[in-house]
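Let's take a walk through this structure together, with an eye on strand pairing, charged side chains and model confidence. Please have the sequence and the coordinates at hand.

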Amino acid sequence: MDATSFPWELLPSSIHEEILSKLPISVLLRLRSISRSFLSSIRSLPPSLPFPRDPFFLLFSSSSSPCSISSAIVFQPSRNRWLSMPLPSFPATASGPLILLSNSLFNPFSGTPTPIPPHLPMRTLIYPLSLIIDDDATTHRSRLRIVVVSTSDRIRSQIYDSASGSWTLRGELPGRVHMLGNAIVLNGSLYVLSFGPDHLLKFDLLSSDWEIVSEVVPSVDCAHLVAFGGRLFLVAGVADLLGGMLSVKVWEFDWEDWKLVCSMPDEIFSEFSGMKILKHFHVCDGKGMVCFYSYSGNVLLILDLMNWRWWWPRKCPLQWHSHPFLGVAVEPNAEFLR
Amino acid sequence: MASEAVAVKIQEGVAVDAVVPAASETSAQRKILLKSVEGEEFLVDELFARGSKMISNMIDDGFTEGAIPLPNVTAPVLSKVVEYWKHHVGKSETDKDAREFDRAFVKDASSSVLFDIIMAANYLDCKPLLDLACQAVADAIRDMNVEQVRGFFGITNDFTPEEEAAVLEENREWSNALTVTGNGQKESNEGGNIVLP
């Protein structure tokens, strides 16, 4: 041991755990190369410890071609920095450390893909709704479920369950919808907005029942659902009759009504829209951080739902003006430390 | 109400809070005598002393006579711990003064002070103080590179070159900080944009 005023090796291992569990997993991964015993301490951290949140936002394809992709341009809010991560094809959705691609799951931290069996055929176009990962603290195993849907004269869903290794057709909601928005997981169910008609729908993951939770949704554009702290939020733009955005707001659904909880301040909105008429913007979220991007302003903005603070990320060194927006968030898994 | 100074066995360098009137106070404001490893005595409100689970258990077990010896805690450290209790015990978690105290406490603490506080808080079983100090250490090393962390903790690298390469290889794929400009030329890192080893 070298001379220091903070001799790590004189501390009991319980204290090592106290200190290490206050570091984001991405930092712990880096510190594995300090020494053999340090690596051993990191490896023996129980994955169920409440590590600080550390989402990585895969925002843009590194290639401006809409057909090919090999890596993603990523923003990491906890370090306010940009990096690149491998990505073999376009992402559908993500959860934890895994990204759902067209026929596989991909972990960008380990770079390893996991194939999944093809889904059962359905009559109309199928699109993925959600990837759900449940970590079993006792067995240290993860259960994966994937929900895909097709919408024609009704919504039909199919679920893949890693426990069985197969897809089953389960769940149906009569009625035509023009489109479905992003899905969130809350209290064992999926929540998703339908457009045309604009409803809030719920899919119970246990019973596979679909139901309409609310037939009233604020009249908005670019709607995006966010789940955080057991609460359901709607993030969206309010537009004038010509489709130009007037503001960006956040509502909370208290299981009866939509309550306005936050509005983007005017001066921030002006900078976000780049002093032009804003017709559209992209949103993605992870661990309570909501990322906004507008091509017209070529600017990224974050709202942290933990403290309702708006902040501007450091500018990306790369010009992404023509690069496709990806919009998924991943976070390294504590299992990864082993 | 007239208050009488209590005759307390005070030794040199004892903390200021020992010289307080006690005779007129109710049993709810009982004082506990704590003795550091050097033998210095600290007279502390029982309420604050119970900020330590260990001391709290001793009081409940009937330890009422004389001073509670704390052979693992030095006087300067005990003095800081008592300060912490006075700002936190009996206060709500969101108390502004307490948070301001924490901010200053951590800001002025050297790494050797943090080390001593951690050992003391662990021995005394005072979880909130332990959390505060451990968080301060985590915050200090969060943006350090591997060499800097080794220096901070006094750890020698005992990996063989092959072992070290194997561990680094696992990180390489995704930890590439973006330093390339639009036209493909590499730029030097901006301040604060840390490149991982």
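## How the strands pair

Two strands count as paired if DSSP finds at least two bridges between them. With that in mind, and remembering that this is a predicted model, we can look at strand S6 (residues 104–107) of chain A, which is joined to S7(A) by 4 bridges, the two running antiparallel. One residue to look up here is A:Phe106, whose bridge partner in S7(A) is A:Pro113.

These two strands belong to an open sheet of 4 strands in chain A, ordered S4-S5-S6-S7 with antiparallel pairing. The edges are taken by strand S4 (93–95) and strand S7 (112–115) of chain A; each has a single partner strand, so one side of each is left without a neighbour in the sheet. On average, neighbouring strands of this sheet are turned by 25° against each other, direction ignored. As background, strands of a sheet pair through backbone hydrogen bonds, either parallel or antiparallel.

## A buried serine in chain A

Further along chain A, strand S13 (residues 189–195) holds A:Ser194. Is this residue buried or exposed? A:Ser194 counts as buried, because its relative accessibility is 1%, and the cut-off for buried is under 20%.

What surrounds A:Ser194? Leaving aside residues up to four places away in sequence, A:Ser194 touches A:Val177, A:Met179, A:Leu180, A:His199 and A:Leu201. A polar atom of the A:Ser194 side chain also lies 2.7 Å from the backbone oxygen of A:Pro197.

## Salt bridges within and between chains

Side chains of opposite charge can pair when their charged atoms come close. Over all chains, the count comes to 23 salt bridges. Within chain A, A:Glu18 forms one with A:Lys22, and the closest N and O atoms are 3.5 Å apart. A:Glu18 counts as buried at 18% relative accessibility, and A:Lys22 is buried as well, with a relative accessible area of 14%. Both residues take part in a network of salt bridges that also links B:Lys127 and B:Asp131.

Another pair to inspect is A:Arg79 and B:Asp143, a salt bridge with its closest N and O atoms 3.3 Å apart. A:Arg79 lies in the loop between strand S2 (71–76) and strand S3 (81–86) of chain A, while B:Asp143 lies in the loop between helix H6 (127–141) and helix H7 (146–153) of chain B, so the pair joins two chains. A:Arg79 is buried, at a relative accessible area of 10%, whereas B:Asp143 is partly exposed, at 42%.

## Confidence in the model

For the model, the scores are ipTM 0.77 and pTM 0.80. Chain B has a mean pLDDT of 78, and 72% of its residues reach 70 or more.

Where in chain B does the pLDDT fall below 50? One such stretch is residues 1–14, which has 21 contacts in the model beyond near neighbours in sequence. Another is residues 179–197 of chain B, with 35 contacts counted beyond near neighbours in sequence.

Key:
Residues are numbered from 1 along each chain as its sequence is written. Chains are lettered from A and ligands numbered from 1 in the order in which they are written. This is a predicted model: local features need pLDDT of at least 70, side-chain atom pairs count only at pLDDT 80 or more; totals for chains, interfaces and linings use all residues. Side-chain values use heavy atoms; hydrogens and water are left out. A salt bridge is a side-chain nitrogen of Lys or Arg within 4 Å of a carboxyl oxygen of Asp or Glu. Buried means under 20% relative accessible area, exposed over 50%, partly exposed in between (1.4 Å probe, protein chains only). pLDDT is the predictor's confidence in each residue, from 0 to 100. Contact means heavy atoms within 4.5 Å. A polar contact is a pair of N or O atoms within 3.5 Å; within protein, one must be able to donate a hydrogen and the other to accept it, and residues adjacent in sequence count only if both atoms are side-chain atoms. Axes are lines fitted to C-alpha atoms, for helices over the stretch in contact, and angles run from 0 to 180 degrees between N-to-C directions.
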